[in-house]
Amino acid sequence: MKKHWLLTAALLVCTPALLAWDVVISMDRPDGQYKIGETAKFTVKAVGDDVPDGKITADFSIDNGKVLEKRSFALKEGAVFAGKLDKPGFLKVSIRHRVAGKRIYKIKGAAFEPEKITPGGECPADFKSWWDGELAAAKKSAGKVELKELPKYSGSGKNGSFKCYLASVKVDGGKVYGFLTVPVSEKPVPAVVMIAAAGSDRNAPVLNQFSNRWAVLYLNVHDVDPTAADAAAFRKSIHSTYPRLNSEDKSKYFYHRVICGMNLLVDHLAALPEINGNQIGVMGVSQGGGLSLILAATNSHVKAAAVAVPALCDHFAAVQNRAPGWPKLIRNSVAGSADTAKYYDAVNFCRFINVPVWMVVGYEDETCPPGTVYAAFNVIPGARKAIMPEVDKGHTGGTRSYGESVGRMRSFVLRSK
């Protein structure tokens, strides 16, 4: 009798959560894959008990870009959206609405032959020569790379001992900082370069990763000593503006310092006696994903890359009625931003990648819409690349596919000579 009462109580506690109402968007094909000219059907409906009265509004768009239809409908009745594309791309139904005190944020995307998506912009004829010149000039003018040991973090884990350092280098425009963790080993170890997503600059080294058999260089993007007391406050103060700082001038744009400094830090990493300079991979999510692609294109020490939902891609996607990727660099109010965008589009760097790349794309992503990710992936030359679609995921790197991508990248790096 006592066990029966406990089971009944547990069911009563769980029932409200199980029956809470929500809004669901579904497609007639769960894998979200359609051929050009086929019709994709989206069904929007409320599920659960006690669905309230009220209306909700949904956008039917070309990959969060051109809105094909905006429709309001009764929450209890739901709605059906149907459409087709005559060229490669994505159709999406998006809901960003508040009804009956509940915030509804839902997206569903249908892919129409995405492996054929092309970038919205052209690559400047002098793109590679300009960047080769900028990186060469940075190497000549940069200060000495500094490694400051951090005894506070150096120590031992279950898989061995390690030493930690604050890494930095001064280039035109300021400094680039990072944290280096190196396992204590009798022979040189492989290394992974991790690059911060927006808002993910670290204040301390990465510890106990990859069984302490790999060195980890974690790269921040902000020009502030991450061990300083005011580092977090500084980053917070510019969080919403930094991705477009100085975008009127491609030589002074925020990411110019970042790209030059990261290259110099990786060059230094490869030259350290503790590191096997032939076994270096790079990985990142969002901003870190876009910068990982850029580093893979510009640094010969990088042997492979794993990226998820990369930002900084396809700044000119609006030409094809699609939304560009974060940070939507081109601004009509900023003269010169369109020219700068040509030289900081990860798509154009991808044209010069000659190492394997594993990439993850989220069909429900509106920060880095899937069309922008495919635009970058599709121009990577050769066949040593793979893309993993996450049909039911948005802007995140916390997926099994990304974990698998990192594993494949590391396996390839270990085979590099």
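**View 1. Strand β13 and its parallel partners.** Strand β15 (residues 275–285) runs parallel to β13, and six bridges join the two. Here, strands (E, at least two residues) and helices (H or I, at least four) are DSSP runs, numbered from the N terminus, and two strands pair if DSSP finds at least two bridges between them. Seven of the seven residues of β13 (residues 189–195) are buried, so the strand is largely enclosed by the rest of the structure. Buried means under 20% relative accessible area, exposed over 50%, and partly exposed in between (1.4 Å probe, protein chains only).

This is a predicted model, in which local features need pLDDT of at least 70, side-chain atom pairs count only at pLDDT 80 or more, and totals for chains, interfaces and linings use all residues. Residues are numbered from 1 along each chain as its sequence is written, and side-chain values use heavy atoms, with hydrogens and water left out.

**View 2. The largest nonpolar core.** A nonpolar core is a set of buried Ala, Val, Leu, Ile, Met, Phe, Trp, Tyr and Cys residues joined through side-chain atoms within 4.5 Å. Which members of the largest core touch the most other members? Of its 105 residues, they are Phe42, Trp131, Val193, Tyr255 and Leu291. Helix α4 (residues 254–271) gives the most to this core, with 11 residues. Apart from it lies another core, of 21 residues, including Met283 and Val406.

**View 3. Helix α2, buried on one face.** In α2, the buried residues are Phe127, Trp130, Trp131, Glu134, Leu135 and Ala138. Seen down the helix axis, the buried residues of α2 fall within an arc of 125° (taken from the directions from the axis to the C-beta atoms), so they line one face. Ser129, Lys139 and Lys140 are exposed on the other side of α2. The cover over the buried residues of α2 includes α4, α5 (287–298), α6 (337–343) and α7 (346–350).

**View 4. Proline 119 in its loop.** Look for proline 119 in the loop between β8 (102–112) and α2 (127–141). Proline 119 counts as buried because its relative accessibility is 16%. Leaving aside neighbours within four places in sequence, proline 119 is in contact (heavy atoms within 4.5 Å) with residues including Asp314, Arg322 and Val379. Threonine 372 is 253 residues from proline 119 in sequence, yet their C-alpha atoms are 7.5 Å apart in space.
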